[in-house]
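Morning, everyone. Let me put the structure up, and then we'll walk through it.

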Amino acid sequence: MKHPPRTKVVFMKKLVVFTFIVLASLQSFAQKAGIVYGTVIDKLSQQPITGATISINKQQAITNEKGMFRLVNIVPATYNITVKSIGFAEVTKFNIVVNAGNATEINFELETTSTNLENVTVKSTGRKTVKAATLETPLSVQRMTTEEIKANPGGNFDISKVIQSLPGVGGGVAGGGFRNDILIRGGAPNENVFYVDGIELPTINHFATQGAGGGPQGILNVSFIEDVKLSSSAFDARFDNALSSVFEFKQKKGSNAQLQGNVRLSATELAGTFEGPLTKGNKPTTFLASARRSYLQLLFSALDLPIRPNYWDFQFKTSTQLNAKTTLTLLGVGAIDRFSFAAPKEATPEKLYSISSNPAVQQNSYTVGGSIKRLVKNGYWNLAISRNVLDNQLDRYSNNLTPSEATRNLKLTSVEAENKLRFDVNQNFNGLKLAYGFTAQLVNFSNNTFAKISEAPLVVNNFNSTLQFGKMGAFVQVGKRFMDNRLGLSAGVRSDVNTFTNNGGNALQTLSPRVSINYVLADKWNVSASVGRYAKIAPYTILGFKDNNGNFANKNADYTISNHYVAGIEHLPSNNLRFTLEGFYKTYQNVPISVQKGISLANLGSDFNVLGNEAVVTNGKGRAYGFEFFAQKKLTNRFFGIFSYTFYKSDYTNSNNQYVASAWDNRHLVSMTLGYKLPKNWEIGLKFRYQGGAPFTPFNDAASRANFLTLGEGVLDYTQLNTQRLQAFNASDIRIDKKWNFRKLTFDLFLDVTNWYAAQTFAPATFTFKRNEANTAFLTTDGQPIQANGSNGIPFLLNNNETQVLPTIGFIVEF
């Protein structure tokens, strides 16, 4: 992507200066006061805690019989908020921003044991057993709050980009500059699962790669998020289909204090969020609702780029307190994505290549669901029902600007729909934590595909398939602390079956036991270890693929199995400082291998096509191993920061059963994020990322020459899979925020600059033919028009290394 024209940059600078001056002059008229409210409950029983004391600086409030509290006339600023209650461990939540525009909701879950809740420090007057995770997941877990997401430099309010700051999280081949391919500890992008308030989302990205899940822009609205929990191993048994990670997004409830909202405008999008009470009385209901509209297509048109990405997304949540013990939650997430092309005013080889190599995309997706939470003796149960749909259409021609059926090389119309039922019971019996439950899903999948794989020799996939089948699973998880809470043990098991694949009904094949142990060595030191086996069904694009005879080619596909072995040590020198060091080893079995390409599908899925729409055999293997260091400083004395370093090696076997470095084998990941709260509501953030060079595969020159004019791209030489490696990626982002608080309104002006020191990003070169100076035709060896088989074309590798400095100026108005 090119930089904005200089005149536009100068205008934006003048606009920022003018806006700052106007708002500064209005500051003297501001009347500022914030509101903080929320609830305090017992983490195990989910019952309200009466008489808890909440402290913000010198102001305090006491919870009522419903566990609710409210503090008014709070000076807008950033606070650390503490809650205390007799018989429970003290809890502090850090970096809570109080504004005049919106009332701030903060909810606490307290434990009777001396344990650290996820992402919040817990103190105890007895023996100190501070932990950074749960009993079930004592290690390989991180958590981010909504403020850490919003203020993340270069994140642009995109959760999928922000989580690349966490240890073990890679950003794809080119460092994650354009796509959100979430790669955890050397695993593939389709090995992650995502849950929002207990309801699964199949993808969290716009323009998602079907079968993999990655895409260039996140869907979820950060204004909905209370916190995000990432588990990269030691998964709770309630989660199915996870091989590399589980993301749990906890959304806040809509405000029960007042109708409020915010509007966000940046260089690429406009978003609005509203929340408030719908009903009050015996069955109070609150709501959250948002809509976002991009205008990237206008920006790209102004920059004379030939691609036109365009998206919308929508999100809602309602919470109803049916009675003292029962809560009903409804939620929905939807996205509309369009990707088209336009002729550039000034043609270049790079622009023309992007037109021919990418498909046009029409993609619609949504997830809607409802859950009931019921408090029972010693715990609670959850019942969740949801439906998610992905409607994906891809079209590509040898020249996407002049489409015709004669030049078509791809047409795909595919719909994935899942109807899900989840039920779980969570109870505590004298310190013994017990959870058990089941899942049931009805899957509907259709796929109408015409794909020209090769012109010479001619290879075409042309089929129409539909399938409907069921998936079922069950789990149990148990845990307890011993030895005066110094020793924690947890064990779980789950199994999953399906009604489609040949061996899908064999529950023993997917039996997935896991066990975790944690021990408090000393007052500030913990050691933990876990061993687990996890299973994942093949993507529906694999299961629904038919050969040219109309037969399902992959009914014998087995569940992919991954075994994790992890051990680590944690040091907590204070209640706001945390260090961890972990080593991990992961093995894979039954990995799908492409029959046509002879390579593991674990190497694919980082483009805008479809992963798995081909015949496979599930006899591949894989392994990933390494270690990671993590340091986190919560907000104290205006400063907070995160640093992580991960070393890993990732290999998968191909059809020859030989291990080869995977496409995600970057070896080194370094991430550092720093933030400082300056006086008068100024804040500055800095992020640095380093990623080792990714392996890549060279082109087959003869096959590329013969197929380029038909396919619009070169053909890779998979006999040399990942034998070459890019240079390492590094970049730094900076963000500056300034807030003005008025009587009932907060104005936040921000400047976010991605890659501010103009580091070069390295990507594999692309195959094309040389063009004439006007870029109107291909040059040839004989001076004649280029032959359809490219025999007289002049092969040329187009350099994709580029330097992008992307400034974003925007504002947020809270009211």
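Is F643 buried, partly exposed or exposed? F643 counts as partly exposed because its relative accessibility is 30%. Here buried means under 20% relative accessible area, exposed means over 50%, and partly exposed is in between, with a 1.4 Å probe and protein chains only.

Ground rules, quickly. This is a predicted model: local features need pLDDT of at least 70, side-chain atom pairs count only at pLDDT 80 or more, and totals for chains, interfaces and linings use all residues. Residues are numbered from 1 along each chain as its sequence is written, and side-chain values use heavy atoms, with hydrogens and water left out.

Back to F643. It is found in strand β35, residues 639-653. Helices (H or I, at least four residues) and strands (E, at least two) are DSSP runs, numbered from the N terminus. Leaving aside neighbours within four places in sequence, F643 is in contact with F629, F630, A631, V670, S671 and M672. Contact means heavy atoms within 4.5 Å. F579 is 64 residues away along the chain, and its C-alpha atom is separated from that of F643 by 9.5 Å.

Further along β35 sits S650. S650 counts as buried because its relative accessibility is 0%. A polar atom of its side chain lies 2.8 Å from the backbone oxygen of G186. Beyond four places in sequence, S650 is in contact with residues including G186, R623, A624 and D665.

Now the strand pairing. Two strands pair if DSSP finds at least two bridges between them. β33 (577-594) and β34 (616-636) run antiparallel, joined by 15 bridges. In that pair, G583 stands opposite F627 of β34. β34 and β35 also run antiparallel, with 13 bridges. There, E628 stands opposite T646 of β35.

Next, helix α7, residues 701-711. Its buried residues are A703, S704, A706, N707, F708, T710 and L711. What covers them includes α5 (349-357), β25, β26, β27 and β44 (766-769). N700 caps the N-terminal end of α7, with a side-chain oxygen 3.2 Å from the backbone nitrogen of A702. Just after the helix, G712 takes a positive phi of about 80°.

K452 brings us to β27, residues 432-455. K452 counts as buried because its relative accessibility is 17%. Among the residues it touches, beyond four places in sequence, are T710 and L711, along with R408 and N409. The side chains of K452 and E455 are joined by a polar contact of 3.3 Å. A polar contact is a pair of N or O atoms within 3.5 Å; within protein, one must be able to donate a hydrogen and the other to accept it, and residues adjacent in sequence count only if both atoms are side-chain atoms.

Last, cavities. How many of 30 Å³ or more does the search of the whole structure find? It finds 12. On a 1 Å grid over the protein atoms alone, a cavity is a set of points where a 1.4 Å probe fits but cannot get out; lining residues have an atom within 4 Å of a point. The largest cavity has a volume of about 640 Å³. It is lined by 40 residues, with L201, P202, T203, E416 and E418 nearest its centre. Strands that each supply at least two lining residues include β13 (192-196), β14 (199-201) and β26 (408-429).

Technical notes: On a 1 Å grid over the protein atoms alone, a cavity is a set of points where a 1.4 Å probe fits but cannot get out, and a pocket is an open set with protein on both sides within 12 Å along at least five of seven lines; lining residues have an atom within 4 Å of a point. Grid points are joined across faces, edges and corners, and a volume is the space filled by probe spheres set on the points.
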